[in-house]
Amino acid sequence: MRRNVSQQAGIAIVLCVFLHGSAAMSAETEKTSPKKTEVQQGIAGSFKQLRERFEPELSWNATTPAEHAEWRKSFRDTVVRLLGRMPEKVPLNVVWAEKKEFELFTRHKVYIRSEAEYWVPVYYYVPHKHDEKLPAIVCLHGHSGIEPYIASQRKESIIKSTKRGQLDYAVYFAKHGYVTAAIVMRGFNETADKQDRGVSHVTRSCLQVTMSSYLMGMTTLGLRCWDAMRVIDFLQSQEVVDPDKIGLAGLSGGGAVAMYLPVLEKRIKVAMIAGAFTAFRSTFYATPHCMCQCLPGIMQYGEMSDIVALCAPRPVLLINGTGDTGFPIEDARIGYEKLKRVYSLQGVGENVEADFFEGGHRWSNNKTLDFLAKHFQNPKSKISE
Ligand SMILES: [Zn+2]
């Protein structure tokens, strides 16, 4: 296409103005670059400085069992208070909605009433082979919702990522002879209402649950723990379940709940926490995560290692990918060293273990079956408080 003279002149003038404008802008930018000044640092500077000079008030530093017991009472009371108001308990009520047979187990879908107006959906797995009562594992999923965790997705790409991430640990444990209860956590999948903004890969309402519960003096973490406690009521009512052998497994958002549940719930005898344990100051405080995992005020009193220390002497397996950038491994290692001191002080140093594997944000079964067998099949294992 041929342009006439006046069109060409017009383009030249526009180009000239544009180039002149950018030159002027870059000269202006240079005045304030390369460094942001003190008045421009915004929230990054403010919160970073706060983190550097802030020490939690109730960090564990006991040197005797008596000091530990004193610390435990004080810190546990604080965490229970921060987890917020709990719903009113209602009698156990279960609706059996679905039953599916698989090669090694039966999978039931049940709804368990956890409060007057809320029913918890649960995929309940019972191995075919159960000559005697079996241990049961409460399984908590992460932010991709329940589907990959029960291997029920249909898309090829999600099937692959489930396999890679070993997300279907509820199914895996059922195949290896454990009863499992894979809970649809409050705000996910069929329990969701208003969709989280910017989220399209899964149906979830974490933001709505969190905002509503905060306004009512509750917390999402507290409510999700409450639901899991009612699921334990259900498990203990089942003939096939050994009521004294209830374990816990959670990844990512489910790992966050798994850190708090043993604080509230003595019936949890062993816990496996994956893709979640590090330090608040390097995860939720430092980089954006879903708000549902944030317990208001917790950093004022303690760190993640202090929360997990409340589980002692009950066995804990920490599972972390060394390349999981959302949950830095450096702080996981520091926390693990501290937990070894906590457990050793109570004479059960062997009850805290870590599987820090090469990989990213996912589950790992490198140590899970040995860990469960060691504590659920060995009568000498100390798994109670
Ligand atoms: Zn969330």
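I246 stands opposite I268 in strand 7. From strand 6 the chain crosses through helix 8 to strand 7, and this β-α-β crossover is right-handed. That label applies if, with the strands pointing away from the viewer, the path from the first strand over the helix to the second runs clockwise.

This is a predicted model, in which local features need pLDDT of at least 70 and side-chain atom pairs count only at pLDDT 80 or more, while totals for chains, interfaces and linings use all residues. Residues are numbered from 1 along each chain as its sequence is written. Helices (H or I, at least four residues) and strands (E, at least two) are DSSP runs, numbered from the N terminus. The protein has 12 helices and 9 strands.

Strand 7 is mostly covered, with 7 of its 7 residues buried. A residue is buried if 20 or more other C-beta atoms lie within 10 Å of its own, exposed if 12 or fewer, and partly exposed in between, with C-beta atoms placed from the backbone. Of the 385 residues of the protein, 41% count as buried.

Next comes strand 8 (residues 316–321). M272 has L317 as its bridge partner in strand 8, and A274 stands opposite I319. In a regular strand the side chains alternate between the two faces of the sheet. On strand 8, both faces are covered: V316, L318 and N320 are buried on one side, and L317, I319 and G321 on the other. 6 of the 6 residues of strand 8 are buried, so this strand is largely enclosed by the rest of the structure.

Strand 8 also runs parallel to strand 9 (residues 352–357), joined by 6 bridges. There L318 stands opposite A354. With helix 11 (residues 329–345) between them in name, strand 8 and strand 9 make a right-handed β-α-β unit.

An antiparallel pair is strand 3 (residues 118–127) with strand 5 (residues 179–183), over 4 bridges. In this pair, Y125 stands opposite T180.

Axes are lines fitted to C-alpha atoms, for helices over the stretch in contact, and angles run from 0 to 180 degrees between N-to-C directions. Contact means that the C-beta atoms of two residues, placed from the backbone, lie within 7 Å.

Helix 7 (residues 220–236) also packs with helix 8 (residues 253–264), at an angle of about 65 degrees and with axes 9 Å apart. L221, R224, C225, A228 and M229 in helix 7 meet A256, V257, Y260, L261 and L264 in helix 8.

Notes. Two strands pair if DSSP finds at least two bridges between them.
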